[in-house]
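Please examine the protein presented here alongside the questions that accompany it.

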Amino acid sequence: SPSAGLKFQDIPNGLAALSKVPSGGWAQMALYAAYCEVSQDQSPGTPAGAGDFGWKVLTSAEPEEKTKKLAAEIANGRLAMMAIIGMFFQDGLTGSAWGDWANYTDSPLRAFENE
């Protein structure tokens, strides 16, 4: 944010970066998310309600193949969510999402490590 005098180099990695985002940045993200939610009719029975937003990357002429591809995409999305939650947890414990577990010596998981 040039208006706030904030440079890219001033932003730390991981969860610590959340406190550095200006309020205008949070407002932009919230407004965009709200726009995405209300810009289409997502009521049951509509294509958007079924997850079809007109973006045809995962498509097939065969309904079974399309269903398989969409199910795989949902499974991959769920896996990605679990991975990012794990990275948040690691960042909270070690101070780095890519952190070295050896730096976190107070872990209860290490209770019987030397026995």
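The following questions and answers concern a predicted model.

Q: How many helices and strands make up the secondary structure of the protein?
A: Helices α1 and α2 span residues 23–38 and 63–94, respectively. The secondary structure comes to two helices and zero strands.

Q: What percentage of the residues in the protein is buried?
A: A residue counts as buried when its relative accessible area is under 20%. The protein has 115 residues, and the buried share of these is 9%.

Q: What share of the accessible area of the protein do carbon and sulfur atoms supply?
A: The protein exposes about 9,600 Å². Of this area, the share from carbon and sulfur atoms is 62%.

Q: What percentage of the contacts with a separation of 6 or more joins residues 24 or more positions apart?
A: A contact requires heavy atoms within 4.5 Å. Among the contacts in the protein with a separation of 6 or more, residues 24 or more positions apart account for 11%.

Q: Which helix gives the most to the nonpolar patch?
A: The surface patch consists of L15, L18, W26, M29, M81, M82, I84, I85 and F88, with about 890 Å² of accessible area together. Both α1 and α2 supply at least two of its residues. With five residues, the helix that gives the most is α2.

Q: Is M29 buried, exposed or partly exposed?
A: M29 is found in helix α1 and belongs to the nonpolar patch. Its relative accessible area is 45%. Because this value lies between the 20% and 50% limits, M29 is classed as partly exposed.

Q: With which residues is V21 in contact, leaving aside its neighbours within four places in sequence?
A: V21 lies in the segment before α1, and at 29% relative accessibility it counts as partly exposed. Its C-alpha atom is 8.4 Å from that of I11, a residue 10 positions away in sequence. Once neighbours within four places are set aside, the contacts of V21 are W26 and M29.

Q: Which residues form the aromatic pair, and what is the angle between the planes?
A: The count of aromatic pairs comes to one. The pair is formed by Y32 and Y35, with a distance of 6.5 Å centre to centre. Y32 and Y35 are three residues apart in helix α1, so about one helical turn separates them. Both residues are exposed, and their pair is tilted, with an angle between the planes of 35°.

Q: What distance does α2 reach from its first C-alpha to its last?
A: Helix α2 has 32 residues. At 1.5 Å a residue, the expected value is 46 Å, and the model comes close to this. From first C-alpha to last, α2 reaches 46 Å.

Q: Which residue takes a positive phi just after α2?
A: Helix α2 covers residues 63–94. Just after this helix, a positive phi of about 90° is taken by G95.

Conventions. Residues numbered from 1 in each chain as written. Predicted model: local features only at pLDDT ≥ 70, side-chain atom pairs only at ≥ 80, totals over all residues. Heavy atoms only, no water. Patch = residues over 30% accessible without salt bridge, like charges linked within 9 Å, V, L, I, M, F, W, Y side chains within 5 Å. Areas by Shrake-Rupley, 256 points an atom, 1.4 Å probe, with all protein chains shown as cover. Salt bridge = Lys/Arg side-chain N within 4 Å of Asp/Glu carboxyl O. Helix = DSSP H or I, 4+ residues; strand = E, 2+ residues; numbered from the N terminus. Buried < 20%, exposed > 50% of the residue type's maximum accessible area, 1.4 Å probe, protein only. Expected span 1.5 Å × (residues − 1). Phe/Tyr/Trp six-rings, centres within 6.5 Å; stacked < 30°, edge-to-face > 60°.
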